[in-house]
Amino acid sequence: MIQAVFWLFGALALLGGLMCITRRSPVASALWLVQTLFSLAAIFVLLDAQFIAALQVMVYAGAIMVLFLFVIMLLNLGRESATDMRGWAGRLVALALGLVLVTELWVLVGSPLSGQIQLPAGTLNRVAQEQGVVGVISDSLFRTYLVPFEVTSILLLAAIVGAVVLAKRRL
Amino acid sequence: MLLGPALAVSVILFSLGVAGVLLRRNAIIIFMCVELMLNAANLAFVALAQQLGPDGQVIVFFVMAVAAAEAAVGLAIVLAIYRHKPTLDVKDLNLLRG
């Protein structure tokens, strides 16, 4: 059952990705990408990452994609225009490199995980029932990864200031 | 056990993102393909977190923050370029070529 649901959303995610890179209009591309993001959120739930799934919908599908669509609309790119695909040589290179990458990564992920570092099955689920879904990640986020967390806030501040400076017509 | 299938979907999604970056010339679509690659990496992290402990999910949290910062700055650069020269085709943006 879980396998079937997984493959349904996996296929939807891959379809969205394929359409995203082949649609001519940027708006269509963005909306297909939203489909991929939502399907990935569903897959995250199947993989016991409920909080990450909620973040995926709110931050990615909500905030980031709205930003993309906003810029597309602002630049008036919604109309049909001449294709921006590369010529047949570029398409061939893209296809070949994509296939090479799939093969390489396929071999890489095929190598088995060491049993020593592997948790017993269902551990994450048990921890989530003890500490709550958010507790699973907040515990290590605010203990082990406290410094990276604070550095991320500085990164976001720098991004805000940078975006304002870059997009402002005259300082 | 969803680890194998999830990693397979992640691999194909990442390669689609790479192919998209190589295939398209529209700067905004190239950005979206980068987001696709980041999402494929997130999927791999979440799938492995189920086996190896919840730290993988914390990394996904950081990846999302970095992706948000990247999108904001990248789109601001796109706006600045568009004001300078009204095109998004990376073929026409060759000011640095000698």
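## What covers H3 of chain B

The cover over the buried residues of H3(B) includes H3, H6 and H7 of chain A together with helix H2 (27–52) of chain B. Here a buried residue has 20 or more other C-beta atoms, placed from the backbone, within 10 Å of its own, and helices are DSSP runs (H or I, at least four residues) numbered from the N terminus. Among the buried residues of H3(B) are Phe61(B), Met64(B), Leu75(B) and Val78(B).

This is a predicted model, in which local features need pLDDT of at least 70, side-chain atom pairs count only at pLDDT 80 or more, and totals for chains, interfaces and linings use all residues. Residues are numbered from 1 along each chain as its sequence is written, with chains lettered from A and ligands numbered from 1 in the order in which they are written.

## Where the chains meet

Chain A brings 67 residues into contact with 58 residues of chain B; contact needs C-beta atoms, placed from the backbone, within 7 Å. On the side of chain A that touches chain B, H4(A) gives the largest share, 12 residues. That side has 53 nonpolar, 10 polar and 4 charged residues. Asp, Glu, Lys and Arg count as charged, Ala, Val, Leu, Ile, Met, Phe, Trp, Tyr, Cys and Pro as nonpolar, and the others, Gly among them, as polar.

## H4(A) against H1(B)

Let's look at one helix pair. H4(A) packs with helix H1 (residues 3–23) of chain B at an angle of about 155°, their axes 9 Å apart. The two are therefore roughly antiparallel, the word for angles over 145 degrees. Residues making this contact include Leu101(A) and Trp106(A) of H4(A), and Phe14(B) and Val18(B) of H1(B).

Technical notes
Two residues are in contact if their C-beta atoms, placed from the backbone, lie within 7 Å. Axes are lines fitted to C-alpha atoms, for helices over the stretch in contact, and angles run from 0 to 180 degrees between N-to-C directions. Angles under 35 degrees count as roughly parallel, over 145 as roughly antiparallel, 65 to 115 as roughly perpendicular and the rest as oblique. A residue is buried if 20 or more other C-beta atoms lie within 10 Å of its own, exposed if 12 or fewer, and partly exposed in between; C-beta atoms are placed from the backbone.
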